[in-house]
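Reader: I am new to this structure. Can you show me how to read its features, one at a time?
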Amino acid sequence: MPADYLPVLIYLCVAFGIALALLGLGLLLGRGQRDERKLEPYECGFDAFEDSRMRFDVRYYLVAILFIIFDLEIAFLFPWAVALDAIGYQGLIAMGIFLLVLVVGFVYEWRKGALEWD
């Protein structure tokens, strides 16, 4: 039985070796120039301009909720579509309820104006 895991062990050793080789090449061939500009904190490509504990606009959270809604929808629709024959009408009803909840969240986002990109 342990011999069945030998290919996995070889794969992990090769992957680890390649990772170490690439890190070593980066250290050897990289310029490694450090300047103040590279070491400054930034967020999303912008310089930090206020305290990190400042309040965020509610639109940030609305966009995050919108992303979660569509991300969950796609993540659950693929396996459901593959297994639709096996789960039958009960699975169809469960997915209908799930999609209804997602539509309610989408309508909420729409009414709050999260889809309007100013």
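Reader: Is leucine 22 buried or exposed?

Author: Start with the cut-off: a residue counts as exposed when its relative accessible area is over 50%. This is a predicted model. In it, leucine 22 has a relative accessible area of 57%, so leucine 22 is exposed.

Reader: Where is leucine 22 found?

Author: Leucine 22 sits in helix 1, which covers residues 6–29.

Reader: Which residues form a nonpolar patch on the surface?

Author: Leu22 is one of them. The patch also includes Leu6, Leu9, Ile10, Val14 and Ile18. Leu25, Leu28 and Leu29 complete the list. Together these residues have about 950 Å² of accessible area.

Reader: Now the rings. How many aromatic pairs does a search of the whole structure find?

Author: Two. Look at the angle between the ring planes: over 60 degrees counts as edge-to-face. Phenylalanine 76 and phenylalanine 98 have 80 degrees between their planes, so this pair is edge-to-face. Their centres are 5.3 Å apart.

Reader: Which parts does the pair of phenylalanine 76 and phenylalanine 98 tie together?

Author: Check the helix of each partner. Phenylalanine 76 lies in helix 3 (residues 58–82), and phenylalanine 98 lies in helix 4 (residues 84–112). The pair therefore ties together parts that are 22 residues apart in sequence.

Reader: Why does phenylalanine 76 count as partly exposed?

Author: Partly exposed is the range between buried, under 20%, and exposed, over 50%. Phenylalanine 76 has 43% relative accessibility, so it counts as partly exposed. Phenylalanine 98, at 24%, also counts as partly exposed.

Reader: What about phenylalanine 106 and tryptophan 110?

Author: They form an edge-to-face aromatic pair. The centres are 5.6 Å apart, with 65 degrees between the planes. Both residues lie in helix 4. They are four residues apart, about one turn of the helix.

Reader: And how exposed are phenylalanine 106 and tryptophan 110?

Author: Apply the cut-offs again. Phenylalanine 106 has a relative accessible area of 25%, so it is partly exposed. Tryptophan 110 reaches 54%, so it counts as exposed.

Reader: Let me step back. What pattern does the protein chain follow along the sequence?

Author: Count the elements, then read their order. The protein chain has four helices and two strands. Their pattern is α-α-β-β-α-α.

Reader: What share of the residues counts as buried?

Author: The protein chain has 118 residues, and 9% of them count as buried. Its accessible surface comes to about 11,100 Å². Carbon and sulfur atoms account for 69% of that surface.

Terms used. Residues are numbered from 1 along each chain as its sequence is written. This is a predicted model: local features need pLDDT of at least 70, side-chain atom pairs count only at pLDDT 80 or more; totals for chains, interfaces and linings use all residues. Side-chain values use heavy atoms; hydrogens and water are left out. Patches are made of residues with over 30% relative accessible area and no salt bridge: like charges are joined within 9 Å, nonpolar side chains (Val, Leu, Ile, Met, Phe, Trp, Tyr) within 5 Å. Accessible areas come from the Shrake-Rupley method with a 1.4 Å probe; for residues, only the protein chains shown count as cover. A salt bridge is a side-chain nitrogen of Lys or Arg within 4 Å of a carboxyl oxygen of Asp or Glu. Buried means under 20% relative accessible area, exposed over 50%, partly exposed in between (1.4 Å probe, protein chains only). Rings of Phe, Tyr and Trp (its six-membered ring) pair if their centres lie within 6.5 Å; planes under 30 degrees apart count as stacked, over 60 as edge-to-face and the rest as tilted.
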